[in-house]
Amino acid sequence: MIPDTAVQPEITLRWRRVLWEKSPYPDNFIPPDSFLSALRRNPNFTPYSYCPLLFLCCAITQHLATVFVFLAIFVRLKERLLDARVLLWISVTCSVLGYGVWEILHSSNPSRMPPNRSKAFKSSLLVLLALMGLAPVLRTLTAATSSDSIWALSACLFLLNTLLADYSCMRSGSFTQERLTSVLSMNAAMSSSVVLASRLPDDLSVFSLVLFAVQLFALFPLLRHRLWAISTLLQALVTLSITAVSLVLVTPLSTPIATIMAGLYIAVSFIAPGVLVWAQKYKKHVISMFSPGWPPFTSILLQRNQRSVGCRHSKTELDLTIEGVVNAPMGIRSSLPSTNG
């Protein structure tokens with residue numbers, strides 16, 4: 001029952017949104033004009049702009065273009081439209097140029113540790129020797145499997161690679177740790193590359209294609225992350241270059257597929273950011289001081305630890321209170337003071 005309006009202002013000043021204190025008001029009492037005035041719509045929301053989203057989509061477009069480049073190279077090797085020795089020399093040239101760019105980017109950041117060039121050379125030589133030795137084995141890896149199963153498995157693996165790829169950008173002077181999803185993405189791409197390489201006619205083609213896959217799906221993403229530290233304009237130029245190369249390689253093989261690729265590039269690079277900017281006006285996240293909240297356990301424990309540095313103490317009243325709140329039922333937790341209020 002709501003008290004008389006004559007004493008309403010006086011009691012309202014003493015009203016608190018707690019249930020563990022005695023109050024003349026019922027538990028579901030709300031002061032007049034306090035609920036609507038406390039509502040906040042999208043309190044911590046920062047709207048996106050079209051141009052930054054446009055540059056952030058370059059990483060997705062680059063990854064799609066690398067997948068199409070690899071598939072075009074595979075088809076050309078399988079149909080004997082491309083000599084494996086030419087692809088091998090292209091791979092070696094791209095490796096040398098990529099390593100030179102990596103060294104330039106590394107030297108421009110003095111805060112990083114100096115690279116171990118001898119270790120990198122030994123690792124590269126070990127990979128080359130391993131691929132050369134495994135090329136005959138990889139060529140006959142799927143000899144007993146039908147081609148339809150190979151194409152379906154390869155498509156699924158490349159789809160998994162695209163979904164799990166790391167499209168984040170690395171700023172200058174920052175250090176990033178390899179994510180599990182990016183490792184799974186690289187493994188999926190390499191597995192698909194090995195499966196496709198097993199359908200090639202000779203060992204040199206298998207070796208060249210797998211080496212090219214290592215550069216595209218293992219080394220190029222690392223270089224792409226470093227390029228973000230230079231400028232977004234450089235990322236746009238790299239994106240245009242890779243997409244142009246993929247279209248040039250695919251168009252002689254199939255014009256309809258090249259048209260679909262161009263439409264996919266336009267949708268990912270230009271249409272998708274616009275749709276995201278347009279959909280922001282429909283975002284509605286409303287909170288208020290009456291929303292269920294959690295006590296600030298982190299700040300309470302941090303202050304307690306700072307006061308007790310160097311001292312041994314047993315369980316205090318604060319410890320028992322925190323344990324009781326954590327182990328309390330959900331209905332009791334919702335009645336505790338909210339951090340939003």
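This is a predicted model: local features need pLDDT of at least 70, side-chain atom pairs count only at pLDDT 80 or more; totals for chains, interfaces and linings use all residues.
The overall picture comes first. The protein chain is built with 13 helices and two strands. Of its 341 residues, 35% count as buried. Among the contacts in the protein chain with a separation of 6 or more, 79% are accounted for by residues 24 or more positions apart. The chain exposes about 21,400 Å², and carbon and sulfur atoms supply 67% of this area.

A pair of aromatic rings is described by the distance of the centres and the angle of the planes. The count comes to six aromatic pairs in the model. One of them joins Phe-158 and Phe-217, whose rings are tilted at 50° between the planes and lie 5.8 Å centre to centre. This pair links distant parts of the chain, with Phe-158 in helix α6 (residues 147-164) and Phe-217 in helix α8 (residues 203-227), 59 residues apart. Both Phe-158 and Phe-217 are buried. The pairing of Trp-278 with Tyr-282 has another geometry: the ring centres are 5.4 Å apart and the planes stand at 70°, so this pair is edge-to-face, since an angle over 60 degrees places a pair in that class. Trp-278 is partly exposed, at 49% relative accessibility, and Tyr-282 is exposed, with a relative accessible area of 53%. The two values fall on either side of a cut-off, because exposed means over 50%. Returning to the phenylalanines, Phe-158 and Phe-217 form one aromatic cluster together with Phe-70.

The charged end of Arg-226 sits over the ring of Trp-102, at 4.1 Å from the ring centre.

Charge pairs come next. Side chains of opposite charge can pair when their charged atoms come close. Here the count comes to two salt bridges. In one of these, Asp-203 is bridged to Arg-139, with the closest N and O atoms 2.5 Å apart. The bridge links distant parts of the chain: Asp-203 belongs to helix α8 and Arg-139 to helix α5 (residues 117-139), 64 residues apart. Asp-203 is partly exposed at 29% relative accessibility, and Arg-139 is partly exposed too, with a relative accessible area of 30%. A salt bridge also forms between Arg-85 and Asp-83, where the closest N and O atoms are 3.0 Å apart. Arg-85 counts as exposed, at 53% relative accessibility, whereas Asp-83 counts as partly exposed, at 35%.

Two serines illustrate buried positions within helices. Ser-185 lies in helix α7 (residues 180-197) and is buried because its relative accessibility is 4%, under the 20% cut-off. The side chain of Ser-185 reaches the backbone oxygen of Asn-161 at 2.6 Å. Leaving aside residues up to four places away in sequence, Ser-185 touches Asn-161, Leu-164 and Ala-165. Ser-205 is found in helix α8 and is buried, at 5% relative accessibility. With residues up to four places away in sequence again set aside, Ser-205 touches Leu-77, Ala-84 and Leu-200.

Thr-61 gives a further view of the interior. This threonine has its place in helix α3 and counts as buried, at 1% relative accessibility. Apart from residues up to four places away in sequence, Thr-61 touches Thr-239, Thr-243, Tyr-265, Val-268 and Ser-269. The C-alpha atoms of Thr-61 and Tyr-167 are separated by 9.9 Å, although the two residues are 106 residues apart along the chain.

Most residues other than glycine have a negative phi, and most peptide bonds are trans. Arg-80 is not a glycine, yet has a positive phi of about 60°. Arg-80 is placed in the loop between α3 (58-78) and α4 (84-107). At 60% relative accessibility, this arginine counts as exposed.

Note on methods. Residues are numbered from 1 along each chain as its sequence is written. Side-chain values use heavy atoms; hydrogens and water are left out. Rings of Phe, Tyr and Trp (its six-membered ring) pair if their centres lie within 6.5 Å; planes under 30 degrees apart count as stacked, over 60 as edge-to-face and the rest as tilted. Helices (H or I, at least four residues) and strands (E, at least two) are DSSP runs, numbered from the N terminus. Buried means under 20% relative accessible area, exposed over 50%, partly exposed in between (1.4 Å probe, protein chains only). A charge sits over a ring if NZ of Lys or CZ of Arg is within 6 Å of the ring centre and within 35 degrees of the ring normal. Contact means heavy atoms within 4.5 Å. Accessible areas come from the Shrake-Rupley method with a 1.4 Å probe; for residues, only the protein chains shown count as cover. A polar contact is a pair of N or O atoms within 3.5 Å; within protein, one must be able to donate a hydrogen and the other to accept it, and residues adjacent in sequence count only if both atoms are side-chain atoms. A salt bridge is a side-chain nitrogen of Lys or Arg within 4 Å of a carboxyl oxygen of Asp or Glu.
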